[in-house]
Amino acid sequence: MPTPRPDGAAHPGAAASPGPRRTEGDETRFTVVAPSGIGEISPGDDLARIVGDALDREGGLRDGDVVVVTSKVVSKAEGRVVAATDREQAITDETVRVVATRPYPGGVLRIVENRLGLVMAAAGVDASNTPEGTVLLLPVDPDASARALRAALTERFGVRLGVVVSDTAGRAWREGLTDLAIGVAGVVALDDLRGGVDSHGRELSVTVTAVADQIAAASELVRGKAAGRPVAVVRGLGRFVTDGDGPGARVLVRASETDMFREGSAEAYARGVAAGAGAGGERAGREAIERDAREAGYADGYREGFTEGFREGTGNRQQG
């Protein structure tokens, strides 16, 4: 479905969420609070009630608040804890497409597309903070989970609010992990600024901001990974809270036809060598291998130059 522009024209790509409400004076600050007292969640627990009780102890919710809940507690409440003597088999079962694999001292890292269309390490299968011999799968439908939580919390607190279900993932080109939104209800997931103008009057042609991912990442800064605070309230971003549930987090998943990095570099290289060898014989494969060796040499030279530049005070320290 084309993405609507503010001027009424259309852009190809995923449908964006409803536009945010722009309110003068409310765009310069927001706060994030992670309530305590959630405790361990077990299959069948009433997560909305438990979260609501914790929020009540912090003064409740206000109009325009966004409640961020980790996928881990959602999965536990929904009974997504499964017996698995072999985590690798659970990963295989949740995998739709393998993107890249890399060996490491403890085994093989797999970056895959899972049943939700998310590309992440190990298909999102989690073996931490679960009973021995079990693993935790992602929610079956995180958007539905977000909608259910939103409905229950809206009824309890009587305010207009949004809900984001977050999960932790790595990112291409960047070191480290961050939280992103895998379930969204009542929040503008994508803020489409295309068709508008910048401060110099130039038209914006590619700017679509991943608001829901930014909210999820901000919440993790106060929740932490091991602090026992799986819920956060983001306050001050009411302009991104919508009346309806909206299309959910699915709009954040890049469509295959626009994905320029559909497979890992080593996988693409191997496929290219195989295709070249099949079409042009051994020479094509040999040339590809030589080209790869040259690229590796360039990378080594770049790192060495960076190190030399740092010693001379002209570069920045960079791990190689």
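Biologist: Which residues touch the most other members of the largest nonpolar core?

Modeller: Bear in mind that this is a predicted model, where local features need pLDDT of at least 70, side-chain atom pairs count only at pLDDT 80 or more, and totals for chains, interfaces and linings use all residues. Residues are numbered from 1 along each chain as its sequence is written, and side-chain values use heavy atoms, with hydrogens and water left out. A nonpolar core here is a set of buried (under 20% relative accessible area, 1.4 Å probe, protein chains only) Ala, Val, Leu, Ile, Met, Phe, Trp, Tyr and Cys residues joined through side-chain atoms within 4.5 Å. The largest has 30 residues, and the ones touching the most other members are Leu47, Leu61, Val67 and Val69.

Biologist: Which element gives the most to this core?

Modeller: Helices (H or I, at least four residues) and strands (E, at least two) are DSSP runs, numbered from the N terminus. Those giving two or more residues include helix H2 (71-77), helix H4 (142-157) and strand E10 (162-171). With six residues, the top giver is H1.

Biologist: And Leu61, what does that touch beyond four places in sequence?

Modeller: Contact means heavy atoms within 4.5 Å. Skipping residues up to four places away, the list for Leu61 is Leu55, Val67, Phe157, Val159, Leu161, Val233 and Arg235.

Biologist: How far does helix H5 reach from its first C-alpha to its last?

Modeller: H5 covers residues 211-223, which is 13 residues.

Biologist: Which residue follows H5?

Modeller: Towards the end of the helix, Ser219, Glu220 and Arg223 are among the buried residues. Next comes a residue with a positive phi, near 75°, and that is Gly224.

Biologist: Is Thr130 buried or exposed?

Modeller: Thr130 sits in the loop between strand E8 (119-121) and strand E9 (134-136). Leaving aside neighbours within four places, Thr130 is in contact with Val135 and Leu136. Its relative accessibility is 16%, so Thr130 counts as buried.

Biologist: Which backbone oxygen does the side chain of Thr130 reach?

Modeller: The distance is 3.4 Å. The backbone oxygen belongs to Ala127.

Note on methods: Buried means under 20% relative accessible area, exposed over 50%, partly exposed in between (1.4 Å probe, protein chains only). The expected span of a helix is 1.5 Å times one less than its number of residues. A polar contact is a pair of N or O atoms within 3.5 Å; within protein, one must be able to donate a hydrogen and the other to accept it, and residues adjacent in sequence count only if both atoms are side-chain atoms.
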